[in-house]
Structures are given as structure tokens and as C-alpha cells.
Amino acid sequence: MLRYAEKLTKTPSEVTEADVDVLKRSGFSDADILAIAEVTAYYAYANRIADGLGVEVEPWFTPD
């Protein structure tokens, strides 16, 4: 799941049916895979909006 989410984030044009098949073979349902894609896409969207508007990171947040 995390490899799929990372690939969808970093190189979305390279995601193929084979990537989805790996998730299915791992036990994820179609609804699960849709949710993974939706959450991944939402965070990409939200981050691009924040970056595009110059939103400052909260002072308490310290990324690793």
C-alpha cells in the first residue's frame, strides 16, 4: 500500500494496472484501493494548494 501511495505521489503517470493488481493480491478490495488513491490524491492536492499560496508551516511542526 505504501509503495503504491509513494508511486502515485512521486510518479503518477507511471502507475499501471499491475500496481493495482499487487494491492488486490495483497487483500485490498476495490473500495480499499479507491480510498488509498483518494487519500493520496487529497494530500497531494492540499500540499500543492498550501505551497502555491505560500502557507507557512506551523512552528510546532518539525519534519524529519
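The model is a predicted one, in which local features need pLDDT of at least 70 and side-chain atom pairs count only at pLDDT 80 or more, whereas totals for chains, interfaces and linings use all residues. Residues are numbered from 1 along each chain as its sequence is written, and side-chain values rest on heavy atoms, with hydrogens and water left out.

The description starts with helix α3, which covers residues 30–53. Helices here are DSSP runs of H or I with at least four residues, numbered from the N terminus, while strands are runs of E with at least two. Helix α3 has 24 residues and reaches 34 Å from its first C-alpha to its last, close to the 34 Å expected at 1.5 Å a residue; the expected span is 1.5 Å times one less than the number of residues. After α3 comes Gly 54, whose phi is positive, near 70 degrees.

Which residues of α3 are buried? They are Ile 33, Ile 36, Thr 40 and Ala 44. Buried means under 20% relative accessible area, exposed means over 50%, and partly exposed lies in between, with a 1.4 Å probe and protein chains only. An α-helix has 3.6 residues a turn, so residues three or four places apart point the same way. The cover over the buried residues of α3 includes α1 (2–10) and α2. Thr 40 gives a detailed view of this: its relative accessibility is 11%, and it counts as buried. Apart from neighbours within four places in sequence, Thr 40 is in contact with Ala 5, Leu 8 and Thr 9, where contact means heavy atoms within 4.5 Å.

The charged side chains come next. Side chains of opposite charge can pair when their charged atoms come close. The structure holds three salt bridges, each defined as a side-chain nitrogen of Lys or Arg within 4 Å of a carboxyl oxygen of Asp or Glu. One of them joins Glu 6 and Lys 10, with a distance of 2.8 Å from N to O. These two residues are four residues apart in helix α1, and therefore separated by about one helical turn. Glu 6 is partly exposed at 42% relative accessibility, and Lys 10 is exposed at 61%.

A salt bridge also forms between Lys 7 and Asp 19, whose closest N and O atoms are 3.0 Å apart. Because Lys 7 lies in helix α1 and Asp 19 in helix α2, the pair ties together parts that are 12 residues apart in sequence. Is Asp 19 buried or exposed? With a relative accessibility of 18%, Asp 19 counts as buried, whereas Lys 7 is partly exposed, at 25%. Asp 19 belongs to helix α2, residues 17–25. Leaving aside neighbours within four places in sequence, its contacts are Tyr 4, Lys 7 and Glu 14. Another salt bridge links the side chains of Asp 30 and Lys 24, at 3.4 Å from N to O. Asp 30 is exposed at 56% relative accessibility, and Lys 24 is partly exposed at 41%.

The aromatic residues complete the account. Rings of Phe, Tyr and Trp (its six-membered ring) pair if their centres lie within 6.5 Å; planes under 30 degrees apart count as stacked, over 60 as edge-to-face and the rest as tilted. By this rule there is one aromatic pair. The rings of Tyr 42 and Tyr 43 have centres 5.5 Å apart and planes at 80 degrees, so the pair is edge-to-face.

Trp 60 sits in the segment after α3 and is exposed, with 67% relative accessibility. From C-alpha to C-alpha, Trp 60 and Leu 34 are 32 Å apart in space, and they are 26 residues apart in sequence.
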